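Here are a few friendly notes to read alongside the model.

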Amino acid sequence: MFKAKSLYHLIVYSIVFIIILISFFTFIIIDNAHEELQEKIITLKSDYSNNQKELIKNDVNSVINFIRYYDSKYKNVKNTKQIQKEILLALKKLRINDNGNEYIFIYDFKGKFLYHPVDKNKVGKNLINLTDINGKKLVKEIIEISKKPKGGYVDYVWYKQNIKKHVKKISYANSYENWGWTIGKGVYLDKIDKLVLTKKNEYNQKISDYTLQISSLTIMLVLYSIFIYKNATILILNDVKEIGKYFKESQKNDEPINQNRIIFGEFKVIANYATDAMNNIKLKTHMLEDLNKNLEYKVDEKTKELTKLIESQKTFIKHSVHEINTPLSIIQTNIDLLKMKIPENKYITHIESGAKIIQYIYDDLSYLVKKDRVIYEKEYLNLSDIVLQRLDFFSEIAKSNSLYLVRNIKDDIYIKFNKTEFQRVIDNNLSNAIKYSYSKSPVFVKLDYLNDNEVELSITTHSKKIEYQNKIFDDFYRENSARGGFGLGLRIVKEICDKNLVTIRLDSNDKETKFTYRFKINEDTTT
């Protein structure tokens, strides 16, 4: 997995990825077009061959029908030789097409050439042993196949006068058994080569168009990526450097940060908070020095000012939490756009997982900031839908951590509760479950009625045993400090559950850990 150490590397990786992706799709498009061409060529050859076969078959059978009719009409009036002579003369006069490549020919069953409108020098000769350039005895095969009830076709190679070379040819032959005649007609198949060449030219033109379009798209995407890097990334880095420079310089002087050197409004807001914080820190430092000189005289006054400082810090945290929301929304929106273009991509999955982790941390901080100032009203909630929604939210995080969520959610479970507070309960439990579960293990989430008055929510994981279960809900306590986090999640859960008379049960051993919460369906604690 690539790890971008800077925004520059991230842009370079993105450009390389775009080029590889487009090259892959180009190969697929060209390969599909080639397969489509081969299918069309096969179909074209088959259709052309079948059509030509049907045409020569109809012509031969028409001649045989004419011979049969003429013979039956005059056999009692004229002798057979006279009738045969008149039929051959009639065929000569009835021939309308002067094309030397299309004609009716007639042999007797012994191989004697009886009729040929083009090559008259061979008429009267026995050609039973005549072969093509491959040594195939075509006359013998034509006579033999004509004796079948419905005749048949013979493939061979023959010389074509107008192009002066040998090409593939197919003939159909049938017989008039009363006279021992084989009647046939052949057709050259070289026209199909011209049709195939036309299709290949069309294919080459299509591939050229595809290549041009894809190349144009690649250039546009690369230029756009470079534009983003040059016009956005560098500006962000400059703003970050300015703020960092201010922190270094503020140790030597008291000059405020020059906001004209900062471009983005969000960074200007952060710079203001940073200036206020640094000024307050410096001010309190001077105050503490004075306090040491005259502690008894300053103690009451400094205590009030310290309280004001704490309020200022709370305000700073509150505004910082508010400012996080805007870039977080931008990140999530761009992730959604990327997923529309690239549905399955593990890098996007990891990015989305990280964004969602920031989102639920943001929700926890937002709740901590507001919980003493906002009254969280209760309403009837469809607990089933909310749990399923939060499972969907955490599914990408679980997937990124090689875990999978196993759901056992009863439909249409309603209780009277505040939606924000319930979401903090389920989010913090799912977050801890994902954080502490063994890799490639399931996380079991179950929601069902316990009885007529209570609903039970349980979350079970395969993880290490919790050693200090009596401390797990304390402020800033973490069972495993290496796993990260602030240690505030379960404390928030405990406060919400105590406030709403929710019973908590924790069972943990060497095999699994299970958190169980029992909610009263209609419990009203507002009084």
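1. Let us start with Tyr13, which counts as partly exposed because its relative accessibility is 30% (buried means under 20% relative accessible area, exposed over 50%, and partly exposed in between, with a 1.4 Å probe and protein chains only). Tyr13 sits in helix H1, residues 7-74 (helices are DSSP runs of H or I with at least four residues, numbered from the N terminus).

2. A word on the basis of these notes: this is a predicted model, in which local features need pLDDT of at least 70 and side-chain atom pairs count only at pLDDT 80 or more, while totals for chains, interfaces and linings use all residues. Residues are numbered from 1 along each chain as its sequence is written, and side-chain values use heavy atoms, leaving out hydrogens and water.

3. Now to the salt bridges, of which the structure holds 13 (a side-chain nitrogen of Lys or Arg within 4 Å of a carboxyl oxygen of Asp or Glu). One of them joins Lys78 and Glu86, at 2.9 Å from N to O. Lys78 is partly exposed, at 26% relative accessible area.

4. Please look at Asp427 and Arg390, whose closest N and O atoms are 2.8 Å apart in a salt bridge. Asp427 belongs to helix H9 and Arg390 to helix H8 (residues 383-400), so this pair ties together parts that are 37 residues apart in sequence. Both ends are buried: Asp427 has a relative accessible area of 0%, and Arg390 has 10%.

5. Lys494 is partly exposed at 25% relative accessibility, and Asp498 is partly exposed with a relative accessible area of 44%. Elsewhere, salt bridges that share partners link Arg390, Arg424 and Asp427 in one network.

6. Finally, how do H9 and H10 pack? Helix H9 (residues 419-436) and helix H10 (residues 489-499) meet at an angle of about 145 degrees, with axes 9 Å apart (axes are lines fitted to C-alpha atoms over the stretch in contact, and angles run from 0 to 180 degrees between N-to-C directions). The contact (heavy atoms within 4.5 Å) involves residues of H9 including Glu421, Arg424 and Val425, and residues of H10 including Leu490, Ile492 and Val493.

Definitions and conventions: Helix = DSSP H or I, 4+ residues; strand = E, 2+ residues; numbered from the N terminus.
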